[in-house]
Amino acid sequence: MRYNCSDCCFRWALAQQPARFRAHTLVVGARLNAECLAPGIDASLQQAGDGAVALSDEPLVIGLDGGYVRHCHPERCDTRYRSAGAPDFEVVAGRLFGNNISGRSVAFVRSIDKGSAERVQAAIANAGPGRSVEVFTDGDTQLRQWQLSALPQATHVLDWYHLRKRVEVLDKVLHRKDTAKQLKARDHDLLSERFGHMCWSLWHGKAQEVMQRLHVMLKVLKRTFVRGRPALSLISKLALELLKYLQNNADSLPNYGQRWRNGQRISSAFVESAVDQIIDKRMSKSQQMRWDPKSAHQLLQVRVRVIDGLLREDFSRWHPGFPANASSLAVAA
């Protein structure tokens, strides 16, 4: 077989392209991360809102959620931000909505990003200074603590979907056949009565009443003849977790029914899609790749600009003469 040096060099060049492209992408991400633009209104927002950004009374809505990405060096994984039993690190993704913007995305690796609070504050300031802010999360303790420090003046609203799912899980276990067999009819009726219409009460903003019911349920489950039975131990565990969940988010439980009738948001479904776009499609579910937290953070900065359609504007700002977005080119033509 004849040896072809040029063919070998071509194959080597192709093999080097992914690494080279990755290196260039991380350089762009590092530059975006270093800029941390000062609060100000984006030109795209000015055009879309026609100057109404600062005059709007509608609150800005930002949803935050966490996702986990595999660490390329598990022994170096920060235990404060890792998932239970897995050498992963946490990535926080968010999306900002308002009546004058279609959406702005933010993402960061909390374990290494020291300016995460400033990053989110700048995104909110870009959408319009002086506007009230509503933050939606699933009630995660660490995320709530970060939100309280980064956005202390914002109104936090607990996501209705996650709250309802916790109640539904407890409901299914309570009304299983094996649960009824392990309890006396009187005690089972008492638990069912206390649990009844719990979702309805939470929907109508009666969280204190629900917490009182859970206290009664836990007292019944602590009786001597109830202990040691598998189904009842699970009910006790779920009821206690739900009670702590409500207590930790007691200031974030509005009248969901009233908000829904007024056309206000009650769910963080919009941020779930943001997590899929920003994290899962490229870094977790589809690719199953392992990442270094610093590289992942830099890639996230590029990813959010691509999703928001602003990366070309960044290149135009960095490199004079670089072609603008396709829409602006069409208008100029």
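Author: Contact means heavy atoms within 4.5 Å. Leaving aside neighbours within four places in sequence, Ser 295 is in contact with Arg 22 and Leu 26. The model is predicted, so local features need pLDDT of at least 70, side-chain atom pairs count only at pLDDT 80 or more, and totals for chains, interfaces and linings use all residues. Residues are numbered from 1 along each chain as its sequence is written, and side-chain values use heavy atoms, with hydrogens and water left out.

Reader: Why does Ser 295 count as buried?

Author: Buried means under 20% relative accessible area, exposed over 50%, and partly exposed in between (1.4 Å probe, protein chains only). Ser 295 has 12% relative accessibility and therefore counts as buried. This residue lies in helix 13 (residues 293–307); helices are DSSP runs of H or I with at least four residues.

Reader: What puts the buried residues of helix 4 on the same side?

Author: The buried residues of helix 4 (residues 141–150) are Leu 143, Arg 144, Trp 146, Gln 147 and Ala 150. They cover an arc of only 160 degrees around the axis, which puts them on the same side of helix 4. The arc is that of the directions from the helix axis to the C-beta atoms. On the other side, Gln 145 and Ser 149 are exposed.

Reader: Why are helix 7 and helix 9 called roughly antiparallel?

Author: Angles over 145 degrees count as roughly antiparallel, under 35 as roughly parallel, 65 to 115 as roughly perpendicular and the rest as oblique. Helix 7 (residues 185–195) and helix 9 (residues 207–221) pack at about 165 degrees, with their axes 9 Å apart. The two helices are therefore roughly antiparallel to each other.

Notes: Axes fitted to C-alpha atoms, helices over the stretch in contact; angles between N-to-C directions.
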